[in-house]
Amino acid sequence: MLQKKTLAALGLSALISGAAFAAVSPEQAARLGQDLTPMGAEAAGNADGSIPAWNPQGSPIPAGFVEGSDNYIDAYPDDEVLFTIDVNNYKDHAENLTEGTVAMFEKLGADGFKMDVYQSRRDFVTPDWVYNNTEKNATGATLEDAGQRVANSYPGVPFPIPQSGLEVLWNHLTRYLTDHSVTYDTYYVSSNGKPILSTTGFMTNVMPMYRTPDKIMDDTPWLKLRINYKAPARRAGEILLVHEPGADFTKGKGRKAWQYLTGQRRVRLAPAVSFDTPNPGVAGTSTYDDSFIINGSPERFDWKLVGKKEMYVPYNCYDFVFQAEVKDALGEKFLDPALIRWEKHRVWIVEANLKDGNRHLYSKRRFYIDEDSWQGLAAENYDGQGNMWRVQYAYGANLYDIKSNYHFAYGAYDLLQGIYNINTKPAPGGFKNGVSQNDKYFSPKGMARGGVR
């Protein structure tokens with residue numbers, strides 16, 4: 001059952017429209033750091049103890065971790081599988097499964113799809129200044145311009161006590177991350193079980209918004225992303241650059257994107273790098289706005305906050321994200337279940353329905369957002385006929401030495417065509433904290449200088 005009492009405690013109903021809301025009262029904000037964590041999650045565990053209380057100390061640094069190596073080994077090497085959910089018992093756990101996961105069992109359970117469930121760990125922490133800014137935002141930040149703009153928000157969680165689906169979405173869109181680079185191979189697996197390399201890339205991400213903690217977000221980008229494509233041969237030498245806003249998707253102030261194409265040997269604006277344009281990085285098997293579960297402007301959908309619920313989701317997937325070779329993890333129908341760790345966590349559920357008169361491949365979408373990190377962990381996307389089409393999961397883990405996390409490894413299962421993909425999962429040793437490139441590297445002129453002539 002959805003936790004209506006959680007919403008009721010905030011003075012909300014279980015179903016809330018996507019309208020803009022004002023900041024919460026000082027009395028509500030005073031709950032942060034008390035019965036709510038500084039990020040807005042419920043600090044306490046659940047009634048039966050299967051979800052623990054939040055741990056403000058963060059993930060433990062394992063004995064074998066080499067400081068400065070960025071080689072994140074399992075923080076919980078002694079944890080064992082508590083139980084396994086498979087085709088024989090998934091209905092017994094359906095109350096805590098996303099609708100997409102239920103569909104996965106119904107479609108693929110006979111092929112061996114299963115979930116190894118581990119002890120739940122709530123160890124995500126950030127620097128104290130993020131908490132301090134989040135406390136300011138609780139009474140200061142507001143949604144403006146039909147939810148397309150956040151006003152008066154400092155770098156942190158803009159709406160730690162959310163009152164609408166749009167506020168939860170903005171918490172995900174501006175979640176705390178740190179600069180990093182990733183070398184990765186992207187595959188999709190065809191309906192006959194054959195893995196096909198769609199991209200080899202080098203991705204660098206910087207978070208300008210979080211470099212200026214004392215500045216209201218305004219026009220500062222949340223993310224500057226650059227991908228240099230190395231393979232396959234037809235894409236080698238291409239470059240993609242994206243500047244993602246931190247507070248404003250109103251006309252003229254939203255995403256800016258550029259591409260360098262070797263055939264044209266020039267940099268050009270790329271407005272199509274958005275919404276439901278098929279993403280060539282995964283050979284068109286997902287859309288650009290599927291990236292990292294959901295990204296980009298919310299303008300084409302109506303957003304509804306369904307509530308909060310305890311769900312089994314991928315969590316603390318150290319071995320898969322940082323240690324495994326992606327090709328070795330690819331099964332004929334889905335990722336090797338032995339590499340994916342599932343835990344029970346409380347997630348906010350947000351539903352999006354396509355607005356009348358707007359175009360998108362998806363008519364309906366549902367997102368599951370982690371209460372602790374505001375990271376999207378799972379999603380379902382429906383086609384124009386209302387059929388569940390693509391089921392998404394993000395696979396991540398905490399970066400225990402720097403109070404951050406990495407959840408940019410994500411994938412989608414196409415239930416209608418019987419294919420799946422996995423994107424931006426680092427190659428072993430391919431994840432690095434920080435970037436050495438300067439600001440020019442993340443500019444169109446920098447792209448031109450780095451392009452293959």
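## Charge and overall form

The mean positions of the 48 positive and 53 negative charges of the chain lie 9 Å apart. Lys and Arg count as positive, Asp and Glu as negative; His and the chain ends are not counted. Each charge is placed at NZ of Lys, CZ of Arg, CG of Asp or CD of Glu. This is a predicted model: local features need pLDDT of at least 70, side-chain atom pairs count only at pLDDT 80 or more, and totals for chains, interfaces and linings use all residues. Residues are numbered from 1 along each chain as its sequence is written, and side-chain values use heavy atoms, with hydrogens and water left out.

Along the principal axes, the C-alpha atoms fill a box of roughly 60 × 55 × 50 Å.

## Burial, surface and contacts

Of the 453 residues, 61% are buried. Buried means under 20% relative accessible area, exposed over 50%, and partly exposed in between (1.4 Å probe, protein chains only). The chain exposes about 17400 Å², and carbon and sulfur atoms supply 50% of that area. Areas come from the Shrake-Rupley method with a 1.4 Å probe; for residues, only the protein chains shown count as cover.

## Helices

The secondary structure comprises 7 helices and 18 strands. These are DSSP runs, numbered from the N terminus: helices are H or I with at least four residues, strands are E with at least two.

Helix H5 covers residues 165-173. Here 9 of the 9 residues are buried, so H5 too is largely enclosed. Trp170 and His172 are among them.

## Strand pairing

Strand S9 (residues 256-261) has 5 of its 6 residues buried. S8 (residues 239-245) runs antiparallel to S9, joined by 5 bridges. Two strands pair if DSSP finds at least two bridges between them. Leu241 stands opposite Trp258 in S9. S9 also pairs antiparallel with S10 (residues 266-269), over 4 bridges. In that pair, Tyr260 faces Val267 of S10. The S9 and S10 hairpin has 4 residues between its strands, and Arg265 takes a positive phi near 55 degrees.

Strand S11 (residues 301-314) is largely enclosed by the rest of the structure, because 12 of its 14 residues are buried. S11 pairs antiparallel with S12 (residues 341-354) over 13 bridges. Leu305 stands opposite Val350 in S12.

## A loop proline

Pro60 sits in the loop between helix H2 (26-29) and S1. Pro60 is partly exposed, at 39% relative accessible area. Leaving out residues up to four places away in sequence, Pro60 touches Ala75, Tyr76, Asp123 and Tyr400.

How far apart in space are Pro60 and Val102? The C-alpha to C-alpha distance is 33 Å, across 42 residues of sequence.

Note on methods. Contact means heavy atoms within 4.5 Å.
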